[in-house]
Amino acid sequence: MRPSFRQFSAAADAQTKTPLNPAPEKPGANSGEMPTINHDMVHFKTSTNPHPLNIAKVSNESQFMDRHVPHPIWTESELQALKITHHEFQGMGDRLAYMAVKFARTCFDTFSLYRFGKITPNKVLNRAIFLETVAGCPGMAGGMLRHLRSLRRMDHDHGWIHTLLEEAENERMHLLTFIKLKQPDLYFRTWVVIAQGVFMNAFTLAYMINPHFCHRFVGYLEEEAVHTYTSIIDHIDNGDLHEWGTKTPAPQIAIDYWRMPPDANLRDLFLNVKADEANHRDVNHTFASLPSRNAEASYLFDAQGKPLPPKATS
Ligand SMILES: [Fe+2]
Ligand SMILES: [Fe+2]
């Protein structure tokens, strides 16, 4: 029987490291037996996973790397140099966006009970998983609307779409990493569906009306995400999350995605996620500060989506 997509994509991590692909146990042809699948971060053309349609594999992984959605791979010095920053208000719109983020955070911290009691791995994962399901929406909404706008106007997009879609993909990878550490129950999943329905529609509508405000809102939201992941790392360092730290290995999907060392642990993982959130913060504040939605953005970011330093003006 032909294996379903779900069976492939949800397969367990293998105990392997980059560049992946140890040969799995291969069942006999038409045996009906499920093959061992590494995980869904490996391109099917380079993976040693048997393909159900017997499509030929290639040995050179590099020729497929440019088909992945590009994303930053952080160096050790970049991770160590991460800073908590805050964009100063430049008008009433910025102040309103900031107040909206603070209000949303206070409500979420209260109703999720995150602010009460002792920090635990379960509380951290509940928060991270839920918020990453929401964080993957703005980039997709913005990228989709700009894509449609480009089609309608039959004109270039000026370099925004790919950066926004890269952000959405990056947040989804945060989510796929965290669910390796905890599987949410039905009650939790129901709230995720409700939150996505409300937030995605509201954000899409808001982006159609005022994209500048939306990027500033996401910029401030990402400032809060940087605060959250900084505090989680601090909790790991001071022993509040003693179940984690140097003992718990990062999931293989995270090691492959961020190209981390094979012995990377959960602290390393949270540091990379924090770096991504800081990048989203800077990208969205950059978009919000551009003079118009027709401003050329492609020179603002490098091939991995990191904001480039401002050009010196003479
Ligand atoms: Fe995230
Ligand atoms: Fe983010």
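**Helix packing around α8**

Helix α4 (residues 92-111) packs against helix α8 (residues 211-237) at an angle of about 45°, and their axes are 9 Å apart. The angle makes α4 oblique to α8, since an angle must be under 35 degrees to count as roughly parallel and 65 to 115 to count as roughly perpendicular. The crossing of these two helices is right-handed. On the α4 side, the contact is made by Gly 93, Asp 94, Ala 97, Tyr 98, Ala 100, Val 101 and Arg 105. From α8 come Phe 213, Arg 216, Phe 217, Tyr 220, Leu 221 and Glu 224. Sorted by class, the contact of α4 with α8 has eight nonpolar, one polar and four charged residues. The model described here is a predicted one.

Helix α8 also meets helix α5 (residues 121-153). The axes of α5 and α8 come within 12 Å and cross at roughly 155°. Angles over 145 degrees count as roughly antiparallel, and α5 and α8 are therefore roughly antiparallel to each other. In this pair the crossing is left-handed. Val 124, Pro 138 and Gly 142 of α5 make the contact with Pro 211, Cys 214, Val 218 and Ile 232 of α8. This contact divides into six nonpolar residues, one polar and no charged, whereas the contact of α4 with α8 has four charged residues.

With neighbours within four places in sequence left aside, Ala 168 is in contact with Gly 136, Gly 139, Met 140 and Gly 143. Gly 143 lies 25 residues from Ala 168 along the chain, and the C-alpha atoms of the two are separated by 8.8 Å.

The last element to consider is helix α10 (residues 266-289). At 1.5 Å a residue, its 24 residues should span 34 Å, and the end C-alpha atoms are 35 Å apart, so the two values agree. Of the 24 residues of α10, 20 are buried, so this helix is largely enclosed by the rest of the structure.

Technical notes
Residues numbered from 1 in each chain as written. Chains lettered and ligands numbered in written order. Predicted model: local features only at pLDDT ≥ 70, side-chain atom pairs only at ≥ 80, totals over all residues. Contact = placed C-beta atoms within 7 Å. Axes fitted to C-alpha atoms, helices over the stretch in contact; angles between N-to-C directions. Helix = DSSP H or I, 4+ residues; strand = E, 2+ residues; numbered from the N terminus. Left-handed = near helix turned anticlockwise from the far one by under 90°. Nonpolar A, V, L, I, M, F, W, Y, C, P; charged D, E, K, R; others polar. Expected span 1.5 Å × (residues − 1). Buried ≥ 20, exposed ≤ 12 C-beta atoms within 10 Å, placed from the backbone.
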